[in-house]
Amino acid sequence: MRPNRALLSAWALALALTARAAPALPSVDPFYAVPDGLEKVSPGTILRHRTPPSRIGSPGRLLKLRSSHQILYRTTDSLRRATATVLTVLVPPNANLSRILSYQVAEDAASINCAPSYALQLGAAANASATAALLDLGNIESALRRGWVVIAPDFLGPRAAFLANELAGNAVLDGVRAAFNSRPFTGIAAEAEAGAGADGPTVVLWGYSGGSLASMWAAELQPAYAPGLRIAGVAAGGAVPNITTVVSTVNGSPFAGLIPSGVLGLAAEYDFDFLIDQHLLPRHRREFYGARDMCLAGDILAYAGRDVVGMFDDRSLVYTHPVAVDILARNALGRRVPGAGTPLYVYKAVGDEISPVGETDRLVDAYCAGGATVQYERVLLSGHALLAVSGAPRALAWIDAVMGGRSTAGFGHRSCKGGRTGRAGRAGRSLEY
């Protein structure tokens, strides 16, 4: 079959236009630079803002928006140091400015050039920086069609500290604060604005996989870090309670690329490059550090099936070295319990290939025992990647109920409210859908 020259020419033109439209990479864009002297600045304070350099969307899927904004705001890292990161604010044409969805994109990478604020823009893929953000566009679009304002924080911070989860949780909470502070140019309802509800606007968090980590950490941190901030609900899919287990589970699998990106992300936050350099075998150095220049899709392709643990001179390093053990323990879920006033909808595939479902079972049990409010669905005949897609409609339905102030009864085969277990209880059967 002879190629259609007109079609090929149109395709080439589209690629050329996309390439020309590519925004500057965050690594060289001054907008992302963290200012000095943030120690005395309140978390959530807006440091600068702008309209995104490029439209939001991907070729063939441009989002319909009333306005879009990028905000650099002050937050706090995992070592309690003041820092700053970027929030993307998307306001739909039919916006209800008192309904806000904080959508945590599963960035899962150790490069700042994979930040959602960049990857959500048209042309980002032309710079080889496409991330999971492109996969999340459908969920974001569904939320916008409901009239919700969508905010998406770069919760890995200015150094792409993947798996530095206290930073991630703080960044999510401070992103909500920044959204409230943006009212003069976004129109978002203020926390106590009349007509926005007795307790202010309704804010819900949603994330899957790496996005669930940030969302659940935000829920755990909120009572102490942002006690005055009301979060109406948290939807979290594909939870990853224990990072150490993930190393064992994904090494040598199609998801092995999560290991180098996770190690390098944590090193960016906790400064333990010395430990990597001391134990990484020289013949693997270039390959391992290549993850600093790749996003999630690149990591998955580059390391699929690789024995990444075997790139080190000690296969037990991550399980026995005091530095590694301490850092991984610090970043595990379940060290705190979300407040009972922030209900969680947790959904997890029984056959999850990255994080065993049993660990999420135990996390939910711990939350319930600690007084949290949780609705939990264990999904049969699904895996980690599949549930990211198949679980989204049900998560959206739960969020829709929370946004509308309606009952969420019927969600979750296992539930607890303020520590009281209901429905099928702790020994409940899995729900298949």
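## Buried helices, paired strands and disulfides

Biologist: Which residues of α16 are buried?

Modeller: This is a predicted model, so the answer describes computed coordinates. Helix α16 takes in residues 392-403, and a residue is called buried when its relative accessible area is under 20%. By that cut-off, the buried residues of α16 are A392, A395, L396, W398, I399, A401, V402 and M403.

Biologist: How far apart are the end C-alpha atoms of α16, and what span should its 12 residues give?

Modeller: The expected span is 1.5 Å times one less than the number of residues, and for the 12 residues of helix α16 this comes to 16 Å. The end C-alpha atoms agree with that expectation, since the distance between them in the model is also 16 Å.

Biologist: Which residue just after α16 takes a positive phi?

Modeller: The helix itself covers residues 392-403, and the residue in question lies just beyond that stretch. Its phi is about 70°, and the residue is G405.

Biologist: How many disulfides does a search of the whole structure find, and how are the bonded cysteines paired in sequence order?

Modeller: The search finds two disulfides. One of them joins C114 and C295, with 2.0 Å between the sulfur atoms, and the other joins C368 and C416, again with sulfur atoms 2.0 Å apart. When the bonded cysteines are numbered along the chain, the pairing is 1-2, 3-4.

Biologist: How many residues apart are C114 and C295 in the chain?

Modeller: The torsion about the S-S bond of C114 and C295 is about -95°, so this disulfide is left-handed. It links distant parts of the chain, because C114 sits in the loop between β6 (96-104) and α2 (116-119), while C295 sits in the loop between α10 (285-289) and α11 (296-303). C114 has a relative accessible area of 1% and C295 one of 6%, so each counts as buried.

Biologist: Which elements are linked by the disulfide of C368 and C416?

Modeller: The torsion about the S-S bond of C368 and C416 is about -80°, so this disulfide too is left-handed. The two cysteines are 48 residues apart, and both are buried. The elements they link are helix α14 (residues 357-369) and strand β12 (residues 414-417).

Biologist: Which strands pair with β5?

Modeller: Strand β5 (residues 82-91) is mostly covered, with nine of its 10 residues buried. One partner runs antiparallel to β5 over 10 bridges, with T88 of β5 facing Q70 as bridge partner, and the hairpin that connects these two strands has five residues between them, where R80 takes a positive phi near 65°. The other partner is also antiparallel and is joined by four bridges, one example being V89 with I151. The partners are β4 (residues 67-76) and β7 (residues 148-153).

Biologist: Which side chain makes a polar contact with the side chain of D174?

Modeller: D174 lies in helix α4 (residues 165-181) and is buried, with a relative accessible area of 0%. Beyond its sequence neighbours, D174 touches P43, G44, Y73, R74, T75, T76 and Y225. Among these contacts, a polar one at 2.6 Å joins the side chain of D174 to that of T75.

Biologist: Is D154 buried or exposed, and which side chain joins it in a polar contact?

Modeller: D154 lies in the loop between β7 and α4, and its relative accessibility of 2% makes it buried. Leaving aside residues within four places in sequence, D154 is in contact with Y32, T85, V86, A115, P116 and S117. The polar contact between side chains is 2.5 Å, and the partner of D154 is S117.

Biologist: Which residues touch the most other members of the largest nonpolar core?

Modeller: In soluble globular proteins, nonpolar side chains tend to be buried together. The largest such core here has 80 residues, and α4 gives the most to it, with eight residues. Apart from it lies another core, of 32 residues, which includes V204, A235, V379 and A395. Within the largest core, the residues that touch the most other members are I276 and V374.

How values were computed
Residues numbered from 1 in each chain as written. Heavy atoms only, no water. Disulfide = S-S within 2.5 Å. Buried < 20%, exposed > 50% of the residue type's maximum accessible area, 1.4 Å probe, protein only. Polar contact = N/O pair within 3.5 Å; in protein donor to acceptor, adjacent residues only side chain to side chain. Contact = heavy atoms within 4.5 Å. Pairing = 2+ DSSP bridges. Core = buried A, V, L, I, M, F, W, Y, C linked by side-chain atoms within 4.5 Å.
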